[in-house]
Protein chains: 2
Amino acid sequence: MPLPPRLLAAPLRFAAVATVLTAAPLAADEGMWLFTAPPREQLRERYQFEPSAEWLEHLRLSSIRFGNGASASFVSEDGLVMTNHHVGRGTIQKLSTPERNLLQNGFLARQPKDEIPCPDLELNVLASIEDVTTRVNAAVPHGADGVAAAAARRKVIAEIEKESLEATKLRSDVIKLYQGGQYHLYRYKRYTEVKLVFAPESDLAKFGGDPDNFEYPRYSFDVAIFRVYENGQPVKLPHYLRWSKNGPAEGELTFVSGHPGRTNRLLTMAELAFLRDTAYPAQSLRQKRDEVLLLSWAARSEENARRANNVLPGVQNGRKARDGGLAALYDPTFWAAKQRAETEFRQQLETTPEKFAEARQAFERIATAQKTITELAPRFRLLEQAGGFSGDAFTIARTLLRAAEELPKPNGQRLPEFGDAAKTSRELQLFSPKPIFPDLEILRLGDALQALSETLGAEDPLVVKVLAGKSPRARAAEVIGGTKVLDVATRRALYQGGTAAVEAARDPLIELARLVDPAAREVRKQVEAAEEVKTQGQNALAKARFDLQGTGRYPDATSSLRLSFGVVKGYPENGRNIPAMTDLAGLYQRAREHRNQPPFDLPASALQAEKKVNGKVPFNFVSTHDIIGGNSGSPMVNRAGEFVGLIFDGNLQSLGTDFAHDERVGRAVSVHSSAILEVLEKVYGATELVQELRRGKR
Amino acid sequence: MPLPPRLLAAPLRFAAVATVLTAAPLAADEGMWLFTAPPREQLRERYQFEPSAEWLEHLRLSSIRFGNGASASFVSEDGLVMTNHHVGRGTIQKLSTPERNLLQNGFLARQPKDEIPCPDLELNVLASIEDVTTRVNAAVPHGADGVAAAAARRKVIAEIEKESLEATKLRSDVIKLYQGGQYHLYRYKRYTEVKLVFAPESDLAKFGGDPDNFEYPRYSFDVAIFRVYENGQPVKLPHYLRWSKNGPAEGELTFVSGHPGRTNRLLTMAELAFLRDTAYPAQSLRQKRDEVLLLSWAARSEENARRANNVLPGVQNGRKARDGGLAALYDPTFWAAKQRAETEFRQQLETTPEKFAEARQAFERIATAQKTITELAPRFRLLEQAGGFSGDAFTIARTLLRAAEELPKPNGQRLPEFGDAAKTSRELQLFSPKPIFPDLEILRLGDALQALSETLGAEDPLVVKVLAGKSPRARAAEVIGGTKVLDVATRRALYQGGTAAVEAARDPLIELARLVDPAAREVRKQVEAAEEVKTQGQNALAKARFDLQGTGRYPDATSSLRLSFGVVKGYPENGRNIPAMTDLAGLYQRAREHRNQPPFDLPASALQAEKKVNGKVPFNFVSTHDIIGGNSGSPMVNRAGEFVGLIFDGNLQSLGTDFAHDERVGRAVSVHSSAILEVLEKVYGATELVQELRRGKR
């Protein structure tokens, strides 16, 4: 029986990776570049393009960090915000009720008065950047142990953030770059008055569902549109992206501006081995456990499905991403390339052993610290990261508990998430009226408590105390049934009442958090001390890299604003060339191939519009840009800075991009700007919105 | 927000468990009784019923062990076999092709000439029973270590089985009972000429799918009908079950005769702790991993879904059963009851310490052996149980490898599955023309290899050899792409050619099995030695239990024929009473509630027949019988020995039944005999079949 070629293809995809670790010049559309250090050389040599300071500033000030980490952009003078449906999904879900299911049925506001306020959404625009490396490093005593150094570093960062916040009133975050080789102060203009303008039906937004996620060719209208207000009026913006007339052509140079969440391209082999052998397998298994839990519960009724739908897509997406990362780590070609790069770098260090003494020792120090982290990993994951206490309710209860303990402390001595700089975001989240479903909370907490017991052991003293003589499910039912923190007003009162109020409440869920907190804080402290040792080691390696290779490198992604460049381009797969673009006719064809069955079912709006829609309009497309999770919702612009596409995914071959970009086959996936207009107009009749996008104003 | 009562209900369900471990008389419809030691006392006291020897023999000889462990019964003189669709599913799948999808579309043979031969199906009828305890125990040298004792026990069992086979030509299996307190020789009349007569569409058979599995109220037509032939003609049977005119009434005493697979009601606390802390969590996580792997692959295309469908329901069913078992083990009431029973038993032993010296030491010996087994568990699961090498292809390859090594040995020295007594069954399986899909094999083997690596470590020497410098997926593609064992003729040639042929083949999959085999055999040997120590300990406990409590007890289930008794009866759930029976009208109603969407979709046949079907006919019902996995397909009969129902499931509350039966809420779920006739006649127009069932002959 002949085998499907896809499965037999030997994965050669990492043959050309890891240039970032070596001294060789970057000869690819690679890199998530700082706006303060754009890839001038690469753009000049490969594309004869020189971005001006104004060009960069305009793109930066048109770019948005959406909520807690995803991306978006301004696309009209009157504050229209373009992002992905899956980025706005949490917000759209919060605005939905059984009677008004915006997730399922979509939404269009024809006039600003119809737009729906979003209760707890924060958008940030990067207003300015300042290098504070010297001040941060000076505050950390040389030779201090991990705990002391971490505390000192945290303290100075909190000081810088607070000073800046007070001086500028701008949200101020100190960003770690180059594994601690640099620290930058990012000041953000914050927008919290946001309204929903448009969302398609979920079926069209995530057409193809989990099966098509990370796959290509693709047919998703993963689009959502919001509008930003100030003082009850739509903002008037000096910077926004103008709409391109035709969108991108194949081979055309374009740019992506967004917030890649995290890459691990500068990790040492010891750190990579930890991910391969410990962190990723555990995360993947847990995601699969959660996925089955939610899937089987959702299947019992339509209302269960609606409730689970707020959590499930994230779990499935995370599982696919994690398994993709594991596939990369299990690829011997990839592993050998990484190993070779590290060996070469270490050989370079040996050429001037005295100069690089600290860097040479760093590998061993990092490996030792990593060993500590590996040993602590299960407890850290279960206790501090609350893997043993899943659900929104526990997170709220612990925030209340810790806020009461942390807020009275001096700013620099608090856990960072309770720092003054994080106040607005913290309170926005804590007081969010997002619906919390007790049955789903019991389901998730019960299973998490059982996972806790299975991992630490049913006779572990902490587990015994946590379960309090009950089964995991019964214990979860007890604390969720008894807690008052699902009520926003109660939360607010407890938060404002501080320690006395929180203690007096005798809330069973807060008391559960209290029971666990000493152990959780202790393991966090130990992990952070080990992380600090790694930071110092990576710091030494970063310095050596600057010395040996110059500064013409980009740092690993850290949820901070980055610029990627590339071209619209197909890719080879099993001897075939996958074309760069799909079209709208293909959407209808794929639905028919699956007899319009979920997740390949089109909503009535799209089915009815088929004759009106121009099937030749490009729909989704792939490009060589170096992106990763967090880039969702990023705008793609052309040389003229015009909006040509909306990033929403990567292909399967890009799932190793955490560790290395592979220009040969790794691809970003976007919605074409022309498809956005065509669908808005023909499927939704959103004439006013199309006009605003075309004109750049209302 | 009020909580759904179901989730808040404290699980009190094990309050009355574990009488089996104490001296108290059994005061419940409890027990999976031997036909040689039926529950005469209980039946007399509770139900004033005395089964005669003829009654028992007739039921035994009408009962069938179906394939490798499930249950069925003869329901006509002319060899009609009644079982569940999910029991016959593997066979129906094997008879299906993309062009003739019997699983999806169902099947009905109106005449014997239309019946379809099943290629590799074996049915067994328990012809006679002989107690061989004395001979088995005499052959095991007193005081021998685990390895020697296990070998001696295996040897004498193989001798007994072979002698019996040669003398009687009947399949002869020595069955371990009471944890080794007794050994019985079971002789089976074997039928291998079996044809498919009737199967409903899969959608009707498993209506409600995974969401409704183990749930109640229920609406599944989980029925399949076969016919047994000898020498090309339907058999003429002296024993078969006559059809009841009206089926069971509520509260009426009925009996279930079938093959419960395994219970663990006599385990010590050390053994239960192993299941709770090691075995079950690992199995559950692996099942969830497999489930997500198969679900996400199946979702990509309809053909993938068809292929995965052969494996997926078993994985989902196993996951739900395992999680149910874990829920029981995590129930503190259950645990305390088990603990109390063990404590009481140990106190009884202390009353005559010298007499029970061996039993008193047994607890410690069992705990020590269990510790060894716990340590070996991951390697045993991955290597010997092939959890690191999932798929049909590897199993075939290893069978060929081991057959070449084992078959030349004297019968008593072989691994039991290569004994002469197992020859026919082994060859039937090995040469089965069941379709094997290379893409699915690569998917499963690739993920299993990665699980192997994740568990034993990427740098474990055996893992390094197994992966041979490739990624798990690439290695799986290589060996599945290169193997010839998917071809039945090749298998036959290699099996017959022995060692020389197997070596000469240089088949990459067989060579992979060879690479792993020394380690797999070694860990098996160690585990079996520890199991033997446990057997000896349990043997001593069983003897003490006979002394203290008499023989009026039933042994744990071991896939051998058992008799359960009970009544049709609803049960309380969250203050409501769940009625005992559903009806056919309820089926249509539930489909409508789910807008006829999968898995709540009715096939066209059932939709079209709605007006003809009498909605008041009882459909599924629950009863108090003590059953477990393996009982699927068991007949339920009334006092007159007439067929009144077809067991196909238990409710969620019965999932702890592995460890204790809970008559209060644990229930068996059956298809009502009247529903079988009504649906056959009105939905399928199977007039001839209905007539044969009613008359008991063609």
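Predicted model: local features only at pLDDT ≥ 70, side-chain atom pairs only at ≥ 80, totals over all residues.

Colleague: How many salt bridges does the rule find across the interface of chain A and chain B?

Modeller: The rule finds 6 salt bridges across the interface of chain A and chain B. Across that interface there are also 12 residue pairs in polar contact. On the side of chain A that touches chain B, the elements giving two or more residues are α1 (5-8), α9 (209-212), α10 (269-298), α12 (312-329), α17 (438-456) and α19 (472-482) of chain A. The largest share of that side, 10 residues, comes from α10(A).

Colleague: How is the size of such an interface expressed?

Modeller: The size of an interface is often given as the accessible area lost when the parts come together. Here chain A and chain B bury about 4,400 Å² between them, and 62% of this lies on carbon and sulfur atoms. The contact takes 50 residues from chain A and 50 residues from chain B.

Colleague: Which residues are in contact with Lys288(A), leaving aside its neighbours within four places in sequence?

Modeller: Lys288(A) is placed in helix α10 of chain A. With those neighbours left aside, Lys288(A) is in contact with Arg319(A) and Asp323(A), and with Lys288(B), Arg289(B) and Val292(B). The side chains of Lys288(A) and Asp323(A) are joined by a polar contact of 3.0 Å. Because its relative accessible area is 4%, under the 20% limit, Lys288(A) counts as buried.

Colleague: Where in the chain do the partners Arg265(B) and Asp626(B) lie?

Modeller: Arg265(B) forms a salt bridge with Asp626(B), the closest N and O atoms being 2.6 Å apart. The pair links distant parts of the chain, 361 residues apart. Arg265(B) lies in the loop between β13 (253-258) and α10 (269-298) of chain B, while Asp626(B) lies in the loop between β18 (618-623) and β19 (635-637) of chain B.

Colleague: Why do Arg265(B) and Asp626(B) count as buried?

Modeller: The limit for a buried residue is under 20% relative accessible area. Arg265(B) is buried because its relative accessible area is 1%, and Asp626(B) counts as buried because its relative accessibility is 0%.

Colleague: Which helix holds both Glu303(B) and Arg307(B)?

Modeller: Glu303(B) and Arg307(B) both lie in helix α11 (residues 302-308) of chain B, 4 residues apart, or about one turn of the helix. Glu303(B) forms a salt bridge with Arg307(B), with 2.7 Å between the closest N and O atoms. Glu303(B) counts as partly exposed, at 30% relative accessibility, whereas Arg307(B) counts as buried, at 17%.

Colleague: Which residues are linked in a network of salt bridges?

Modeller: Such a network links Arg154(A), Glu384(A), Arg402(A), Glu405(A), Glu406(A), Lys409(A), Glu417(A), Asp517(A), Arg521(A), Arg524(A) and Glu528(A).

Colleague: Let us turn to the aromatic rings. What describes a pair of them?

Modeller: A pair of aromatic rings is described by the distance of the centres and the angle of the planes. The count comes to 36 aromatic pairs over all chains. Tyr47(A) and Phe565(A) form an edge-to-face pair, at 6.3 Å centre to centre and with 75° between the planes. The pair links distant parts of the chain, 518 residues apart: Tyr47(A) is in helix α2 (residues 40-47) of chain A and Phe565(A) in strand β14 (residues 562-567) of chain A. Both Tyr47(A) and Phe565(A) are buried.

Colleague: Which residues do ring pairs link into a cluster?

Modeller: Ring pairs link Phe49(A), Trp55(A) and Phe255(A) into a cluster.

Colleague: Which residue lies over the face of Phe431(A)?

Modeller: Arg492(A) lies over the face of Phe431(A), at 4.3 Å from the ring centre. In chain B, Lys195(B) lies over the face of Tyr229(B), at 4.3 Å from the ring centre.

Terms used: Residues numbered from 1 in each chain as written. Chains lettered and ligands numbered in written order. Heavy atoms only, no water. Phe/Tyr/Trp six-rings, centres within 6.5 Å; stacked < 30°, edge-to-face > 60°. Buried < 20%, exposed > 50% of the residue type's maximum accessible area, 1.4 Å probe, protein only. Lys NZ or Arg CZ within 6 Å of the ring centre and 35° of its normal. Contact = heavy atoms within 4.5 Å. Buried area = accessible area lost by both parts, 1.4 Å probe. Salt bridge = Lys/Arg side-chain N within 4 Å of Asp/Glu carboxyl O. Polar contact = N/O pair within 3.5 Å; in protein donor to acceptor, adjacent residues only side chain to side chain.
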